[in-house]
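Me: I'd like to learn how to read aromatic features in a model like this. Can we walk through it together?

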Amino acid sequence: MTAPGTNHDYLNASTCGKTNETTKGWCPEIFDNALCWPSTPAGTQANQSCPRFEGFNTNKLAYKDCLDNGSWYVNQDNITWSDYTGCIDFESLEFYNFINFLYIIGYSVSLAALGVSLIIFFSFRYEWYCRGLRCTRIKIHVQLFLSFIFNNITWVIWYRKVVAQVATPLQNPFWCQILHVSKEYFMVANYMWMFCEALHLHLALVVVFVREERTTKWFYGIGWGLPFFIVVVHSLIRVYYNKDTDLCWLHENAFGSWFISVPIAITLTFSIIFLVNILRVILTIMHPNSPNPAPVGIRRAVRAALILTPLFGLQFVLIPVRPDTGHPMYYVYVYTSVIIIPYQGLCCAILFCFANHDVHQAIKRSFQRNLTRQSTRWSNYQTGDSAAAVFMLNGSGSNNGNVVPLLSIRRKSIQNSVKV
């Protein structure tokens with residue numbers, strides 16, 4: 001019988017149950033998609049600490065029965081069964097389900113705002129101060145919004161189909177692993193496009209003499225190409241080195257996480273350096289009151305990027321200070337994360353689109369032009385009716401007993417009205 005509370009490393013499932021050595025009269029070592037159960041004497045019950053799942057209490061025990069014939073207990077569905085019923089902390093499970101629901105709401109709100117922003121960008125693409133979205137800055141905004149949209153969609157699916165379903169991580173299906181890798185890719189792409197925002201502003205305001213055709217290609221390479229390389233390297237490390245691909249890749253060795261967090265931290269650091277230098281240039285060399293001020297659009301974009309870049313990095317600041325589950329500040333930490341992380345897309349949509357002066361001007365011009373068209377149509381309609389009315393006042397509606405054609409009526413009526 002296993003010593004109470006023994007918790008075998010269930011993350012190293014690739015080696016569990018692979019040994020050929022089996023003691024006669026003992027149940028063999030087995031991995032049940034959650035824990036690695038060691039070889040156990042027949043007629044006894046093995047137990048160990050519950051796995052680290054959301055809603056599970058790791059201080060409680062899970063059990064597995066080894067039958068008298070040296071085989072593990074099989075339930076009525078002919079499935080080798082482990083008893084995790086005592087692991088469930090229903091109060092904690094309810095709390096985590098509520099937190100997951102809040103994350104889904106936050107990502108959905110951001111998705112809606114980003115979708116509306118893209119509609120605005122493309123609806124007024126010919127109203128734009130850079131016609132046809134040829135302006136590099138607007139192109140970067142659009143790509144940043146797209147990275148947010150794909151990132152939010154994958155996170156919503158993740159919370160609904162993986163985190164909220166305890167059985168899914170245990171089964172560890174292939175689609176779940178692909179979803180995790182996709183989620184990582186769009187998350188890294190999100191940070192890379194934020195870096196492109198800062199880099200473009202730096203090139204446009206500080207370097208100045210740069211061909212935008214060339215820089216645009218580099219931006220696409222950094223925004224979509226570099227994340228692919230980072231995620232592939234990270235995935236290969238997890239698959240072939242750490243071998244922690246179980247449970248839909250929910251839990252990761254600390255060594256592997258560096259291959260994702262370090263590149264993101266580097267881009268955030270450079271973004272802040274670029275923005276501080278841009279701010280220095282605006283305040284000293286290109287001050288609004290100077291003879292050579294910075295363009296209004298650039299200044300507004302800098303303000304938006306200065307707000308967004310620290311916002312993007314806040315979750316990395318919070319990760320090292322995450323308190324333990326039982327700590328009084330744990331709930332403060334969780335709710336703070338719920339507010340900061342899923343609503344980043346909403347903040348981006350507000351700063352780069354809804355609060356964008358150029359967007360306001362484009363909508364205003366379009367609205368005024370539509371009003372002008374409507375008033376012109378109404379004026380033409382009234383002019384046609386007045387011409388017919390003049391004819392009725394100045395003559396009969398017939399010519400030698402024949403009805404005059406409409407065009408002739410209006411022409412004749414106008415002539416008659418002139419004679420009067």
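Predicted model: local features only at pLDDT ≥ 70, side-chain atom pairs only at ≥ 80, totals over all residues.

Me: Where do F270 and F274 lie?

Reply: Both sit in helix α6, residues 254-284, and they are four residues apart, about one turn of the helix.

Me: Okay, and why is the pair of F270 and F274 called tilted?

Reply: You look at the angle between ring planes: under 30 degrees is stacked, over 60 is edge-to-face, and the rest is tilted. The planes of F270 and F274 are at 40°, with ring centres 6.2 Å apart, so the pair is tilted. Across the whole structure, a search finds 18 aromatic pairs.

Me: Which residues form one aromatic cluster?

Reply: That would be F150, Y185, F186, W193, Y220 and W224. Take Y220, which lies in helix α5 and is partly exposed at 33% relative accessible area. Beyond its neighbours within four places in sequence, Y220 contacts Q143, W193 and G225. Y220 and W193 are 27 residues apart in sequence, yet their C-alpha atoms are 8.6 Å apart.

Me: What about charges: which rings does K183 sit over?

Reply: Here you check how a charged end is placed relative to a ring. K183 lies over the face of W155, 4.2 Å from the ring centre. The charged end of K183 also sits over the ring of W158, at 4.8 Å from its centre.

Conventions. Residues numbered from 1 in each chain as written. Heavy atoms only, no water. Helix = DSSP H or I, 4+ residues; strand = E, 2+ residues; numbered from the N terminus. Buried < 20%, exposed > 50% of the residue type's maximum accessible area, 1.4 Å probe, protein only. Contact = heavy atoms within 4.5 Å. Phe/Tyr/Trp six-rings, centres within 6.5 Å; stacked < 30°, edge-to-face > 60°. Lys NZ or Arg CZ within 6 Å of the ring centre and 35° of its normal.
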